[in-house]
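This briefing summarises the architecture and selected local features of one protein chain. Please consult the sequence and the model shown here while reading.

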Amino acid sequence: MTLAPTADSPSPGHKADTHEMIRVQGARENNLKDVSVEIPKRRLTVFTGVSGSGKSSLVFDTIAAESQRMINETYSAFLQGFMPSLARPDVDVLEGLTTAIIVDQERMGANVRSTVGTVTDANAILRVLFSRLGSPYVGPPTAFSFNVPTRKASGVMTSATGEKTIVREAIYHGGMCPRCEGRGSVSDIDLSQLYDETKSLNEGAILVPGYTADGWLVRTFSESGFVDPDKPIHDYTAKELRDFLHKEPTKIKAKGINVTYEGLIPKVRKSILSKDVDSLQPHIRAFVERLATFAPCPDCGGTRLSEGARSSKIKGITIADACAMQITDLAAWIRGLSEPSVAPLVNALRENLDAFVELGLGYLSLDRPSGSLSGGESQRIKMLRHLGSSLTDITYVFDEPTIGLHPHDIQRMNELLLRLRDKGNTVLVVEHKPEMMAIADHVVDLGPGAGSRGGSICFEGTIDGLRGSGTVTGRHIEDRVSVKEGVRAPKGKLEVRGANTHNLQAVDVDIPLGVLVAVTGVAGSGKSSLIHGSVSGREGVVVIDQSAIKGSRRSNPATYTGLLEPIRKAFAKANSVKPALFSANSEGACPTCNGNGMIFTELGFMETVSTPCEDCGGKRFQSEVLELRFGGLNIAEVLDLPVSEAHEFFSEGLAKTPAAAAILARMADVGLGYVSLGQPLTTLSGGERQRLKLANQMGEQGQVYVLDEPTSGLHLADVAQLLGMLDRLVDSGKSVIVIEHHQAVMAHADWIIDLGPGAGHDGGRVVFEGTPADLVAARSTLTGEHLAEYVGA
């Protein structure tokens, strides 16, 4: 009898061992040009190249998308109805794929009851712990959940055997504060912003967005019979005003059908005020900010929990106290629990909290709203669930995991990625930082340029090979910005006194004006709290962050920056027609797809399917409009141009349009030369969104510009261009404050304000103020050490 080979004596040349590569042949997604590449499995591969060179198209839109599509197809049709419908990527061959898990920078859903604790396992374990050890005992784990209300029921209860029991009253314990319903805050309403008391309903008294005088919503009030629709509100009797504002839900006949009538205030609370402010459309958010003032709930003190949940303690600590602790402190407290009956729970929670600390998130607390996390913090939170996973042979795909990380924290991130690889996983990383390229087993460099000039493989191999390859990345990987020998003299100062937002400890600091100021420090040290809490909102201060640009799928850089206006007028003048014809949102729109370029088909229980419009071929305009030309191009061809080419097009020759060229010059200045004018805003990265906002704001008035990590998503070759643009802003008389981790920006600054020394309550203090040269010479902080290493001092 022949024995099968054991693990100690593997069979040489086994066929299963030949599948060691992910093979891609003929990839043409977006700007990829028949790309073929082999990526080693169970290795760390970094994809590099200038912004827009095709990295994300290869990694996310081809490899990861096909893996997810094939896995989704294994589920039943019922389950597939709840999953996104993914089309097969434009590629000839994809072999050797494994299950792909994407860990991206998308911010977490801004649900009002979603916190750091609820999006991880930490809160769930903590609730079980308090239900077992808490004194006095208040109920099962749900009794400590602010998402579950306490409910009472009575009636007949039937057992599994059919036996019926009369139940006088059953209580289902929940931990939700009844007043704020688990939100932690309550709102007071300014009635003057809700309605105009000098008008009647038919004259448009209700000021809530969507409540037009002749609209469906207002007709419920005007036909209810409770109020006179032609009488001004200030003439209402006390009963009419109470019915108008506060009446409980009541069935009435209005608009020819049976409907439910409800007072305006509870109706607005349910439809608008119950939602997270950040998730609302701009005009509704502006209305909410005028209408409501939010304050901590007086009943629960902002903890979201009921009185019973707040009364139960373990060693004098309530679950609200535990969730409010900094995670490093909570981990220390958990280690002090030595109750044998819950040892597995304590160990699981300790490991979970230790993972937070390893990821550089020990400064957070479990009650921090998830909607307030940055893109980088959200990405690291998503990593938590994978670090302790027992799964192997998974393909993990990361999108610039170093964003928002201080050089000190990047070292820890590198160790975590290597741990994922060493468990037998394939790790694919899209990254610009040399520190992360240095740990790669394999490097794939795309380019040579961006947009239509990219989409090709320029180099495959080791990091040492990349350095001598002559590609754009290879030439710039060793770039170092030297510390300025001479710095600009300040022209005043912006005083901050007693700043105590979040973890700041009564900070007093003078921010010099008329110079380039870099605010530095490890993640969680208080940089954003200092600037956004004490500088933003002052007169003349323009804040440009990485938050999403509000807009529909019709919005693009041309519409956002106002560039389309001079382009439309130029086309209209050249062809003696109306400018509206050259808008895909107006008269020029393709009638079949209404200017979307796509046909969206609702399939009921399945995901909506989008297909290119057959009439316009995805160009969004009527065929008659596409026959009209300006400078040899039609409007669709102009919107397909990248910014750099469009700038040349509108700067000279027959198509010369100074107004358009000026806007395009600002967009090219901030490093967006590769972005096409018609690219949907929803496809831009955080760094691209910020630079687009900056290009827009540079045309307006503002004396102090605040930028939050403008190097996010920037290739090494583009950093010098960004520094030149910041210099031009300062030289034009502006003051620029940059919250930044990139050493090149620190070295180029005129003044550095370094916060720390650590994160959370270990930070919140100014540990250094001065020039970059002084910081390098002193080496007194973590930032100083890494900057000195960077400049080779």
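In strand β25 (residues 735-739), Ile739 stands opposite Asp708, a residue of β24 (residues 704-708). The model is a predicted one, in which local features need pLDDT of at least 70 and side-chain atom pairs count only at pLDDT 80 or more, whereas totals for chains, interfaces and linings use all residues. Residues are numbered from 1 along each chain as its sequence is written, and side-chain values use heavy atoms, with hydrogens and water left out.

- Strands, like helices, are DSSP runs numbered from the N terminus (helices: H or I, at least four residues; strands: E, at least two).
- Two strands are said to pair if DSSP finds at least two bridges between them.
- β24 and β25 pair in the parallel sense over five bridges.
- β21 (541-544) also pairs with β24 in the parallel sense, over four bridges.
- Within β24, Tyr705 is the residue that Val542 stands opposite.
- Five of the five residues of β24 are buried, where buried means under 20% relative accessible area, exposed over 50%, and partly exposed in between (1.4 Å probe, protein chains only).
- Val704, Val706 and Asp708 point one way from β24, while Tyr705 and Leu707 point the other way.
- In general, side chains in a regular strand alternate between the two faces of the sheet.

**Val535**

- Val535 is placed in the loop between α18 (527-534) and β21 (541-544).
- Val535 counts as buried because its relative accessibility is 0%.
- Beyond residues up to four places away in sequence, Val535 touches Leu494, Val496, Ile511, Leu530, Val541, Val706 and Ile737; a contact here means heavy atoms within 4.5 Å.

**Strand β26 and its partners**

- Strand β26 (residues 751-756) is largely enclosed by the rest of the structure, because five of its six residues are buried.
- β26 pairs in the parallel sense with strand β20 (residues 516-520), over four bridges.
- In that pairing, Ala518 stands opposite Ile752 of β26.
- β26 and strand β27 (residues 765-770) run antiparallel and are joined by five bridges.
- Asp754 stands opposite Phe768 in β27.

**Helix α6**

- Helix α6 (residues 238-246) has as its buried residues Glu240, Asp243, Phe244 and Leu245.
- The cover over these buried residues includes α4 (191-194), α5 (216-222), β10 (257-261) and α7 (264-273).

**Backbone exceptions**

- Most residues other than glycine have a negative phi, and most peptide bonds are trans.
- Arg304, although not a glycine, has a positive phi of about 75°.
- Arg304 lies in the loop between β11 (292-296) and α9 (307-311), and its relative accessibility of 7% means that it counts as buried.
- Ala506, also not a glycine, has a positive phi of about 50°.
- Ala506 lies in the loop between β18 (493-499) and β19 (507-512) and counts as exposed, at 51% relative accessibility.
- The peptide bond from Ser135 to Pro136 is cis, with omega near 0°; Pro136 is found in the loop between α3 (122-133) and β6 (151-158).
- Gly447 and Pro448 are likewise joined by a cis peptide bond, with omega about 0°; Pro448 is in the loop between β16 (442-447) and β17 (456-461).

**The chain overall**

- The chain contains 29 helices and 27 strands.
- Taken along the principal axes, the C-alpha atoms fill a box of roughly 85 × 80 × 75 Å.
- Of the 793 residues, 50% are buried.
- Among contacts between residues at least 6 apart in sequence, 65% join residues at least 24 apart.
- The accessible surface comes to about 35,900 Å², and 51% of it belongs to carbon and sulfur atoms; areas come from the Shrake-Rupley method with a 1.4 Å probe, and for residues only the protein chains shown count as cover.
- There are 80 positive and 94 negative side chains, with the centres of the two sets 4 Å apart.
- In this count Lys and Arg are positive and Asp and Glu negative, without His and the chain ends; each charge is placed at NZ of Lys, CZ of Arg, CG of Asp or CD of Glu.
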